[in-house]
Amino acid sequence: MPQFDVDLFVIGAGSGGVRAARVAAQYGARVKVAEEYRVGGTCVIRGCVPKKLLVYASRFADEFEDAAGFGWQVPSPAFDWKTLIANKDREIARLEGIYRTNLERAGAQLIEARAVVEGPHTVVLPATGERITARNILIATGGRPADQPHFVGREHAISSNEVFHLAALPERITIIGGGYIAIEFAAVFAGLGSKVTLVHRGPHLLRGFDEDVRTTLEADYKARGIEILLERTVARADKVQDRLRVTLCDGSTHETDVLLSAAGRVPYTQGLGLAASGVALNERGAVMVDEFSRTNVPSIFAVGDVTDRVNLTPMAIREGQAFADTVFGERPTRVDHKLIPTAVFGTPEIGVVGLTESEARAQYAQLKVYKASFRPLKATLSGRQERTLMKLLVDGATDKIVGAHMVGDHAGEQVQLLGIALSMGATKADFDRTLAVHPTSAEEWVTMRTPVA
Ligand SMILES: Cc1cc2nc3c(=O)[nH]c(=O)nc-3n(C[C@H](O)[C@H](O)[C@H](O)COP(=O)(O)OP(=O)(O)OC[C@H]3O[C@@H](n4cnc5c(N)ncnc54)[C@H](O)[C@@H]3O)c2cc1C
């Protein structure tokens, strides 16, 4: 048996890498983890967590507005971007500290440097030239903002990495993209008071989501004053003094203060030495793996966004755990990539689990669609016009619920619980039998009686 410096070398201390490293170390493996930026990865440092903190900040605008209908007189509120960013940064630093401590406590050794793969059992730290041999290597390098789209003046655009550290709240922001990251930042900046323009090349926002969800969100965003320019791309961006002039493919122009490109992410495999080490990548540069997250090189595995399967934190964590259980815990574990509850933290919020209506129609001949669209109770006094949408998709043959979709307050929280029911194979009869909690929005899930289709 060859001698290796460690049993496991993890490249990337993000959601997937940290979980894998901790669990493998707890199984008794000798583990080293390399991180080139900050411990915690995208989710903690410049993704889910800081994003959600900004979302919270932005939603106070609605609260201040709504309060009047309930008798409150709120003096014109003032917002300070610098305070928000400083408080957010303090919280992120605290979380990063927890991630470090957790790795340390588990017995995994952190190396604060970039690492690249040199062969099936060797990694190199380019900064020092140090070589480390490992029985297994785990690639957990995540993703990075795509360089696309290309246009003249692309260098004036920022990505989601930089948006968390803008020096000031922009008066105007133009966001390129129609996916969840673009949608979320549009809501954040609109709530904080910026004039937001969304430029998306597709015919509608949120490709892959249920059509009702997409049309509801678009209408709500427009009603909130977000300008949505569909089937358009940015042709060029020119710096004019301290502003940007954005020219679209249709020849129209507008001025903005910040141009944020949120048009997708790509697996972060650039310069990682994978191709030279014989690790197969797909056409998007993602590491190709089997159901146990093993690459075509038997000693090298990959988890999380770098594999471009389902690019969400809980998935990366699940894959990291399954990898450690399989390789170091003698418990071969496959990860199920179906039935994933997920949220888009726009305002209004979206929560979904299971199939969209069009996917469900393609799979089930007797699909029943239940829908509720209503103004929540709070809106009766606040005067807010936005409606909540809830939609249940039921396979008529088995009565099983195959999809649930919501646009409205706390949709993410609601869909987390629906996810439990759906993963247990809940039927419409199970929902019907459940007593409502009154008065809530969530009670609609158990009181929808008549299918609309
Ligand atoms: C703006 C934004 C919002 C998001 N919001 C959500 C959300 O609300 N919910 C959700 O579930 N997901 C969200 N995501 C996605 C989520 O962040 C990712 O799915 C998750 O972080 C993937 O984890 P990972 O371990 O694969 O990679 P990451 O968390 O990206 O970690 C990879 C780590 O590897 C390091 N690294 C890369 N290459 C090297 C190298 N060669 N040497 C050393 N270190 C290296 C990186 O610095 C990074 O720290 C969001 C993403 C973004 C960008």
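**Close-up 1. K371 and D212, a pair joined by a salt bridge.** At 34% relative accessibility, K371 is partly exposed (from 20% to 50% relative accessible area; under 20% is buried and over 50% is exposed, using a 1.4 Å probe and protein chains only). Helices (DSSP runs of H or I, at least four residues) and strands (runs of E, at least two) are numbered from the N terminus.

A word before the next views: this is a predicted model, in which local features need pLDDT of at least 70 and side-chain atom pairs count only at pLDDT 80 or more, while totals for chains, interfaces and linings use all residues. Residues are numbered from 1 along each chain as its sequence is written, and side-chain values use heavy atoms, with hydrogens and water left out.

**Close-up 2. R172 meets E255 in a salt bridge.** Here the N to O distance is 3.8 Å. R172 belongs to strand β8 (residues 172-176) and E255 to strand β13 (residues 253-256), so the pair links parts that are 83 residues apart in sequence. How accessible is R172? R172 is partly exposed, with a relative accessible area of 22%, and E255 is partly exposed too, at 28%.

**Close-up 3. E65 and R384 form a salt bridge.** Look for the closest N and O atoms of this pair, 3.2 Å apart. E65 is in helix α3 and R384 in the loop between α10 (377-382) and β20 (388-395), so parts that are 319 residues apart in sequence are tied together. E65 counts as exposed at 54% relative accessibility, whereas R384 counts as buried at 18%. Across the whole structure, a search finds 38 salt bridges.

**Close-up 4. A nonpolar surface patch that includes V74.** F60, F64, F70, W72, V74 and L381 make this patch of about 630 Å². Such patches are made of residues with over 30% relative accessible area and no salt bridge, with nonpolar side chains (Val, Leu, Ile, Met, Phe, Trp, Tyr) joined within 5 Å and like charges within 9 Å. Accessible areas come from the Shrake-Rupley method with a 1.4 Å probe; for residues, only the protein chains shown count as cover. You can find V74 in the loop between α3 (48-67) and α4 (81-106), where V74 is partly exposed at 35% relative accessibility.

Key. A salt bridge is a side-chain nitrogen of Lys or Arg within 4 Å of a carboxyl oxygen of Asp or Glu.
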